[in-house]
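Me: Could you go through this model with me, piece by piece? I will ask as we go.

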Amino acid sequence: MDQAAPEVQQLSHTPESMQERVAMILEHARACGASAVQAAVSQNVGLAVTVRRGEVETLEYERDQQMGLVAYFGQSKGSASTTDFSPAALRQTAEAACRIARHTEPDPHAGLPDPEEQARDWPDLQLDHPWDCPADRAIDLARQVEAAGFAVDPRIENSEGASVGTRRRMTFLGDSQGFMGGYRSTRHSISCALVARGAGGMQRDYAYGTSRDPSWLPAADAVGCEAAERVLRRLDARKLGTQQCPVLFVPEMARSLIGSFTRAISGGAQYRKSSFLLDAAGQEVFPGWMHIAEDPLLPGALGSAPFDGEGVRTRPRDLIAAGVLQDYILDSYSARRLGLRTTGNAGGARNVSVQPHPGGKGLQALLSDMGTGLLVTEMMGQGVNLVTGDYSRGAAGFWVENGEIAYPVEEITIAGNLRDIYRRIAAVGNDVDLRGNIRTGSILVEAMTVAGD
Amino acid sequence: MIDSLAREALLEPGGITDDGLASVLGATFGRGTDGGDCYFQFTSQEGWSLEDGLVKSASFNIERGVGIRVISGDQTGFAYSDEISLPAMLEAGRTARSIASAGQTGSVAVRPGAARETALYLPDDPLGSLDEARKIELLKHMDAVARGADPRVTQVVCSLAGVREVVLVLTAEGELVTDVRPLVRMNVQVLAEQGGRRESGSSGGGGRSGYAFFTEGDRAGAYAREAVRQALLNLEAVDAPAGTMKVVLGPGWPGVLLHEAIGHGLEGDFNRKGTSAFAGRIGERVAAPGISIVDDGTLPGRRGSLNVDDEGTITQQTMLIEDGYLRGYMQDRLNGRLSGTRSTGNGRRESYAHLPMPRMTNTYMLPGTTDPGEILASVDRGLYAVNFGGGQVDITSGKFVFSASEAYLIEDGRVTRPVKGATLIGNGPDVLTRVSMVGNDLELDTGVGTCGKEGQGVPVGVGQPTLRIDGMTVGGTQAA
């Protein structure tokens, strides 16, 4: 390695210089005549290496910056953004937002959030854990991941590579009513995608770990071995006959079922009446034993943030209590449209977690509960209609008989309607996957239509 | 003219001369490297949107930067900078070069690279092709057409977007190639309600031109009527069937089938690495006789077209499948070289901050001779799918999906009831062997496709004639 490789986790801007830029943009927009302004500035630095078949394939250094603003002229609004941080570019970008705001039509609901809702102080959520991982170390680690995978079985004959990535970010937000806040955060990852060949052709699968603190990442060997085990068990998959049967979603797939729920209760889908859960607050959406909560303040979690994209304070709350929808996911605009108050969700829901039930069951116990049915480990495509809840997706996984995995299956679809699917959830496992913004264990659904031969 | 536009946008603000570029090349790509490039890009884009009958928000964005890629064997080092200056380029070059063994610096002269004789699109700025008031008028017209089309329409959301991308590619060998790329798009989504049931419909289009594209022949109004037609149709739709059946695909956008089922599998990187289900199968029969599929970056004004790709290679028409036989893969420079062949002008990247890869441009099937009515009449029981959402493929197992948004039952050779959207799933390497009839009605899509690969999105086009496929799995809820 050439010694010229840069210090990976060094952000080139200080918090003070980021704040200065936010203040400059606010100032420029006010000078152009804006009655209110919100500005955000962010910077990312990172490194990503991919090793394939033991050799470095790519070594990428990331260094991004972006600043953007929303300018209001009364109730009219314009936005602009740029990657150029020069004083001239900041001024031109502010001018562009103001020029647009002079042309757009007034919207009675537009504007900055109520200052009373904005955060004044916030806890340190422990989101910033820089990883001292220069390129040569990241390469060694990626090599170790991939080698561990290849060592599992000779049928693993190819690889799409093992990757190690680290990224650090600093973001600052300010507005013309006095909010100013920012923080640093990190995200690191290790992943591996392997290819194996069986009598029925090739299969590919992957494993990964991601976290804010590098010490929480899984061991290199564990990631490689998991990728190997996952791809091997898919070999020689079959199709299934078309039928109705119970479906068990592993946590990574269960996450997307819950993701459709959070999208359906978001303010935009509600005020546009484009949701299968329209006006569903107070209704029983899930079985009476289910609880889903949001906790944006979990220390060190991937979805955590001390304030939202408008500076509004974030807070833990229930989304589903005893199966009943408690509240929507709102920013200040959608809240005003609906005659409600913002829930501090500009930028989306944060750390949504589904409570396991009935207590203490892992995947194996849920397989036993299911008896005979389909275990879904992968889904493909975008077949979710949020307006109607109609759901139809490509799937792969395993056919399960008497609580035991019988054989792998592929080239099938699973279909139903989400309102019905949610009501027919029979259990949520305790095998909670913490690698995302939605935290859930496996989810067992009583019945769905499986299409195959 | 394009050359001077590109230099003015990308090099002149930083005071960069050809001698300066030569010094960066010399310092970055000496011995010990096998090529690479500097990719300069200046993108300005805007988006206007209408909701509740009002144009309430719009945005404008500028991105400028340079990405430097150093290749050594099959290894790639990459770094980029938001600042286009010689010191920033030297720094990024030094970083990207850390992949290569320490070698000597060299000396390279900058010279013009190959250029297309007749441009596929004009270097005009779409953002300035209409004034702000006319952009708003265009959106309001779309809204009015949609609302006026039927009283059951309750919501209309419209958008207008324009991008101008100025690109300068400087190869490690000193070839300098430029392009100025306009791209416009309009979309409309409507919601219709009847008896407590709500359904949506959407439509849109665009291409590499100015906003006049949408007023020619009132395309904006046509998109609005089409979205309403789909929403009303969905109000009548019954549950889709489940199981394996004959499927007739309509012309145009259903070509997303080709994009997913075989397009990705024929990208050079997956085949060089041996991870595609199509690897090592050149010359083999992969489709029924009479089926020919091309990737063509040279269609004037099309969304997927490029004068030159993002590595400075002039785009071309590449025969992928000819009369049922697999003829070739889509290549960028790196994968072309490592596979002992050449770039086919398919090296594309989302931006200067991303590495290029082999990507599709406009991918379509050539027409056959059968009348589409005859194809429908030949099916006793099946699904007629004419519009689709997106799709996805696992290139290793070959399994692919695409989701129908407008489909009908075929009963006794007649198109009968509309059915709800459903995902169709198949196996790429054999789905084209099951094509039993090819229509004479080739159509390309209206210009709305964006393809995602490894997190990078690029605009693409698809197309096909009406096709009959004897056996695909349809993911509805009603037992067939």
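**A strand to start from**

Reply: Of the 19 residues of β2(B), 15 are buried, so this strand is largely enclosed by the rest of the structure. A residue is buried if 20 or more other C-beta atoms lie within 10 Å of its own, exposed if 12 or fewer, and partly exposed in between, with C-beta atoms placed from the backbone. Strands (E, at least two residues) and helices (H or I, at least four residues) are DSSP runs, numbered from the N terminus. This is a predicted model, in which local features need pLDDT of at least 70 and side-chain atom pairs count only at pLDDT 80 or more, while totals for chains, interfaces and linings use all residues. Residues are numbered from 1 along each chain as its sequence is written, and chains are lettered from A and ligands numbered from 1 in the order in which they are written.

Me: How many bridges does β2(B) make with β1(B), and is the pairing parallel or antiparallel?

Reply: The two strands pair in the antiparallel sense over 16 bridges, where strands are said to pair if DSSP finds at least two bridges between them. Within that pairing, E46(B) has F60(B) as its bridge partner in β2(B). The hairpin of β1(B) and β2(B) has two residues between the strands, and D52(B) takes a positive phi near 55 degrees there.

Me: And what about β2(B) with β3(B)?

Reply: Those strands run antiparallel and are joined by seven bridges, with T76(B) in β3(B) as the bridge partner of I71(B). Their hairpin also has two residues between the strands, and in it G73(B) takes a positive phi near 65 degrees.

Me: Which strand of chain A pairs with β2(B)?

Reply: Strand β3 (residues 76-82) of chain A pairs with β2(B) in the parallel sense, over four bridges, and the bridge partner of S79(A) in β2(B) is S59(B). There is a second pairing between the chains, in which strand β2 (residues 55-73) of chain A and β3(B) pair in the parallel sense over four bridges. In that one, E60(A) has F78(B) as its bridge partner in β3(B).

Me: How many residues are in contact between the chains?

Reply: In total, 68 residues of chain B are in contact with 63 residues of chain A, two residues being in contact if their C-beta atoms, placed from the backbone, lie within 7 Å. On the chain B side, the largest share, twelve residues, comes from β2(B). That side divides into 24 nonpolar, 31 polar and 13 charged residues. Here Ala, Val, Leu, Ile, Met, Phe, Trp, Tyr, Cys and Pro count as nonpolar, Asp, Glu, Lys and Arg as charged, and the others, Gly among them, as polar.

Me: Switching topic, what are the domains of chain B?

Reply: The assignment gives domain 1 (2-236) and domain 2 (241-479) of chain B, with bounds that come from an automatic or database domain assignment. Their C-alpha centres lie 24 Å apart, and the contact takes 36 residues from domain 1 of chain B and 26 residues from domain 2 of chain B. On the domain 1 side, β2(B) gives the largest share, six residues. By class, that side of domain 1 has 14 nonpolar, twelve polar and ten charged residues.

Me: Which residues have the most contacts inside the largest nonpolar core?

Reply: They are A71(A), A97(A), V376(A), M142(B) and A146(B), in a core of 269 residues. A nonpolar core is a set of buried Ala, Val, Leu, Ile, Met, Phe, Trp, Tyr and Cys residues joined through C-beta atoms within 7 Å. The largest share of this core, eleven residues, comes from β5(B). Leaving aside neighbours within four places in sequence, A97(A) is in contact with residues including A29(A), L69(A) and A71(A).

Me: Last one, what does chain B look like overall?

Reply: Chain B has eleven helices and 24 strands. Its radius of gyration, taken over C-alpha atoms, is 24 Å, close to the 23 Å that the globule rule gives for 480 residues, so chain B is as compact as a globular protein of that length; the rule is 2.2 Å times the number of residues to the power 0.38. Of the 480 residues of chain B, 61% count as buried.
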